[in-house]
Amino acid sequence: MDFEASVKQAIYHSFVHNSRGPSVDEVAGRLEADREAVAEAYRSLASQRVLVLQEDGESIRMALPFSGIPTQHQVEVEGRRYFANCAWDALGIPAALHKPGVVTSRCEQSHEPLRLEVSLEGPEPSPWLFHCLVPAAKWWDDVVFT
Amino acid sequence: MLFFRSEEAVRQWCGDGGHPVRPLVGMEQLWTLAEAWYSKRLDPDYRRPKPAEVIEMLHRLGFLGEFWDPTSKALG
């Protein structure tokens, strides 16, 4: 595995086990690597749309499907709570972890709460809907809005 | 990319905000998308799919039309 792939795996390891994105310093310590090399790997992964960084250029806003900041879309898997970036990613977290989970969110119109159990085969029967305002061709024009 | 209780809620929200109503996706179909998109994301050798692969995946899962075409310039 090359260095950048190791950084990516360390980032996902932190999200999976700590429910949050690691700082550059944490990853540098974990990999016993140079801090600036890790920071450069963060920037490179962001340029490849693997990560979305916050304005400071180092803090992780998204490591899809995980969110580095609290959102309205939460997923509980084996007693651990994760934040997802959007409705799609909320189902993406159990899919990525290959584990059942419970998605909690809300109806954007009525704010009625959603609780959706997701097994390894998919979600329980539900009349709820997913709606995306932004066409696929423009998802990455402003991925935070999307 | 949001959840809604019903089609009526989507239409109300879009109307209130002056937004177009986009294709509606049920939870089972969203799961197929989530699984196809994310099930290998944590693998060490995962690589992002190329645009042609994304189009093929979306077509295979039934996400058809200009809205779901990542190469389309038809929708603003």
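Me: Which pattern does chain A follow along the sequence?

Reply: Read along the sequence, chain A runs α-α-α-β-β-β-β-β-α-β-β-β-β, with 4 helices and 9 strands. Helices (H or I, at least four residues) and strands (E, at least two) are DSSP runs numbered from the N terminus. This is a predicted model, in which local features need pLDDT of at least 70 and side-chain atom pairs count only at pLDDT 80 or more, while totals for chains, interfaces and linings use all residues. Residues are numbered from 1 along each chain as its sequence is written, chains are lettered from A and ligands numbered from 1 in the order in which they are written, and side-chain values use heavy atoms, with hydrogens and water left out.

Me: What percentage of the residues of chain A count as buried?

Reply: Buried means under 20% relative accessible area, exposed over 50%, and partly exposed in between (1.4 Å probe, protein chains only). In chain A, 49% of the 146 residues are buried.

Me: How many residues of helix 4 are buried?

Reply: In general, an α-helix has 3.6 residues a turn, so residues three or four places apart point the same way. Helix 4 (residues 87-97) of chain A is mostly covered, with 11 of its 11 residues buried; among them are A:Trp88, A:Asp89 and A:Pro94. Just after this helix, A:His98 takes a positive phi of about 55°.

Me: Where else does a residue other than glycine have a positive phi?

Reply: One case is A:Arg49, with phi near 65°, in the loop between helix 3 (35-47) and strand 1 (52-53). A:Arg49 is partly exposed, at a relative accessible area of 39%. Another is A:His111, not a glycine, with a positive phi of about 65°. A:His111 lies in the loop between strand 6 (101-106) and strand 7 (113-119) and is partly exposed at 47% relative accessibility.

Me: Which residues does a cis peptide bond join?

Reply: The backbone angle to inspect is omega, which is about 10° for the cis bond between A:Leu64 and A:Pro65. A:Pro65 is placed in the loop between strand 2 (60-63) and strand 3 (66-67) of chain A.
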